Amino acid sequence: MYIDESVITYEEKMILALRTLYSSEGYRSYKINKFEEYDLYVRNKDFLVSDGIITFTDTNGKLMALKPDVTLSIVNNNRYEKGKLQKLYYDEKVYRVTPSGNGYRELTQVGLETLGDIDESTESAVIRMAALSLKTIDDTYVLSISHTGLISALLEKMDLSDEQSARVMDYIREKAFHEIETIADCKESKYLPMLEKLIRLPEDTENALYTLKSMDAGETFSSIVYSLEAVLKPLHGLSVRLDCSVPANMRYYNGIVMNGYVKGIPQAILSGGRYDPLMKRIGKQGGAIGFAVYLDLLEGMR
Amino acid sequence: MLRIALPKGRLGERVYDIFASAGYECPELLEGSRKLIFENTKKQVRYFWAKPSDVSIYVERGAADVGVAGKDILLEYKPDVYELSDLRMGVCRMCVAAPNGYTDNINRVLRVATKFPNIARTYYQSQGRDIDIIKLNGSIEIAPIIGLSDVIVDIVETGTTLKENNLSVIETVLPISARLICNKASYQFQRNEIELLRKAIERQDEL
């Protein structure tokens, strides 16, 4: 069988390269051959990247959807096996409203998920896959990692109102330390310098971990830092950074969250994290961690 | 190459001065031509002038790595950018203003004319107040005078415009000032240069 490489598009090449990467590391290809019920997406609306779902009525009268996302399907169809891990990757067409809000479009979402009894080595493996995914696309890349627990633990110590905590979390996401200083109960807080350190963590992972270890923010905080250290240790040589500005919808994500960037693309092309809360919402046992790569953002780059 | 979007006008010129003294000078810029893009290849910096309300779009979309935008624009359009510093320049306030002698009737739905519907909506929502928003693009002060709205939500600097139209500030919504913003991806790859600019601004602020 002869294949002329010139007929392969850039996107197809990327998809094949990522599939090669994932399967070589023992992840199984997951194909979704059916439509999901619209209900699945409505119930988990803010897990989705964008509003607006294309629906149709099935021959049996049920309201179905052209999937806007793959993770929800994988979770919905997952069967937990004690002591086991489901290591999956996918490349699927999803249907979303364009960012400008004008009409729908079809795009390819490539991603990887691991479901089951997740531990630190599992987290490490998935983060490694995320970094290597970025590296496959471009040698100059950055994978930013945050842990929702770090911020929660520190905020808990600060005894702020819900509204103030929400504002602080927004400001951390924006790296706007100067805004945190304007919140009444924060200005005088002895934890203010720690918030500044969280926002301005050094680029280098070792230095960042050192900074975090030097912070006296309680036992919960420290145990998360040590866990992160264990997770990140095997990832030397990869362009992975600790960065608390990675956003997380706490309804679905709890723990490690990540965003990935490649040089020349003005926004994150990879996002993911630990989403045990989503598993729970859908009534599934076990944990889950994964990420998606938005290849459509690479369009026009090459 | 660090690409910087400056808001056209006095604020942009003052910001340029700060960046220039931090080592990102581009003398061509001061020549007063009608050019909009200026580059200093040696210093690896490129500046361009943009309409102040457009700076955040350039930065969000990565056409510029760094820019200066008013907090009003940032709150109204919520671009997905990092906000690194408060320049404490272009200081003014977002206010609710009404005709002199205005009395509020809490039982009526308040008609609010504004250029900033999102800011207005958030503000009144926090007060549990239902409002009818009339989005206008300019000369907002006329609205309550000709009966289009009860009040306006608009930026107030000296208050002269309001005074001349027999309006007065009845509430302050929030303080506004110019902010240093940067593209999130640019920050990952050009962090040192961007942090240098942030520190230059904050040093200037201390003076």
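A:Lys175 lies over the face of B:Tyr82, at 5.2 Å from the ring centre. The model is predicted.

**Charges over rings**

- In the contact between A:Lys175 and B:Tyr82, the charge and the ring belong to chain A and chain B respectively.
- Within chain A, A:Lys87 sits over the face of A:Tyr27, and the distance to the ring centre is 4.6 Å.

**Aromatic pairs**

- Over all chains, 10 aromatic pairs are counted.
- One of them joins A:Tyr253 and A:Tyr275: the ring centres are 6.3 Å apart and the planes stand at 70°, which is over the 60 degrees required, so the pair is edge-to-face.
- A:Tyr253 belongs to the loop between E8 and E9 of chain A, while A:Tyr275 belongs to the loop between strand E10 (270–274) and helix H12 (276–281) of chain A; the pair therefore ties together parts that are 22 residues apart in sequence.
- Both A:Tyr253 and A:Tyr275 are buried.
- In chain B, B:Phe48 and B:Tyr58 make an edge-to-face pair, with 5.2 Å from centre to centre and 70° between the planes.
- Because B:Phe48 is in strand E3 (residues 45–50) of chain B and B:Tyr58 is in helix H2 (residues 55–60) of chain B, this pair ties together parts that are 10 residues apart in sequence.
- B:Phe48 has 10% relative accessibility and so counts as buried, whereas B:Tyr58, at 33% relative accessibility, counts as partly exposed.
- A cluster linked by ring pairs consists of A:Phe47, A:Tyr252, A:Tyr253 and A:Tyr275.

**Open sheet of chain A**

- The sheet is open and has 8 strands of chain A, in the order E1-E5-E6-E11-E10-E9-E7-E8, with mixed pairing.
- Its edges are strand E1 (28–29) and strand E8 (240–242) of chain A; each has a single partner strand, so one side of each is left without a neighbour in the sheet.
- Strand E5 (residues 85–97) and strand E6 (residues 104–116) of chain A are antiparallel and are paired over 13 bridges.
- Across this pairing, A:Glu92 has A:Gln109 in E6(A) as its bridge partner.
- Helix H11 (residues 219–232) of chain A packs on the sheet, where it touches strand E7 (141–147), E8 and strand E9 (256–262) of chain A.
- The direction of H11 makes about 175° with that of E8(A).

**Helix H5 of chain A**

- Helix H5 (residues 148–158) of chain A is largely enclosed by the rest of the structure, because 8 of its 11 residues are buried.
- The buried residues in H5(A) are A:Thr148, A:Gly149, A:Leu150, A:Ile151, A:Ala153, A:Leu154, A:Leu155 and A:Met158.

**Strand E4 of chain B**

- In strand E4 (residues 66–70) of chain B, 5 of the 5 residues are buried, so the strand is largely enclosed by the rest of the structure.
- B:Val66, B:Val68 and B:Gly70 point one way from E4(B), and B:Gly67 and B:Ala69 point the other way.
- Strand E1 (residues 2–7) of chain B runs parallel to E4(B) and is joined to E4(B) by 2 bridges.
- The pairing of E4(B) with strand E11 (residues 178–182) of chain B is antiparallel, over 5 bridges.
- B:Gly67 is the bridge partner of B:Ala5, and B:Gly67 also stands opposite B:Ile181 in E11(B).

Notes
Residues numbered from 1 in each chain as written. Chains lettered and ligands numbered in written order. Predicted model: local features only at pLDDT ≥ 70, side-chain atom pairs only at ≥ 80, totals over all residues. Heavy atoms only, no water. Buried < 20%, exposed > 50% of the residue type's maximum accessible area, 1.4 Å probe, protein only. Helix = DSSP H or I, 4+ residues; strand = E, 2+ residues; numbered from the N terminus. Pairing = 2+ DSSP bridges. Contact = heavy atoms within 4.5 Å. Axes fitted to C-alpha atoms, helices over the stretch in contact; angles between N-to-C directions. Phe/Tyr/Trp six-rings, centres within 6.5 Å; stacked < 30°, edge-to-face > 60°. Lys NZ or Arg CZ within 6 Å of the ring centre and 35° of its normal.
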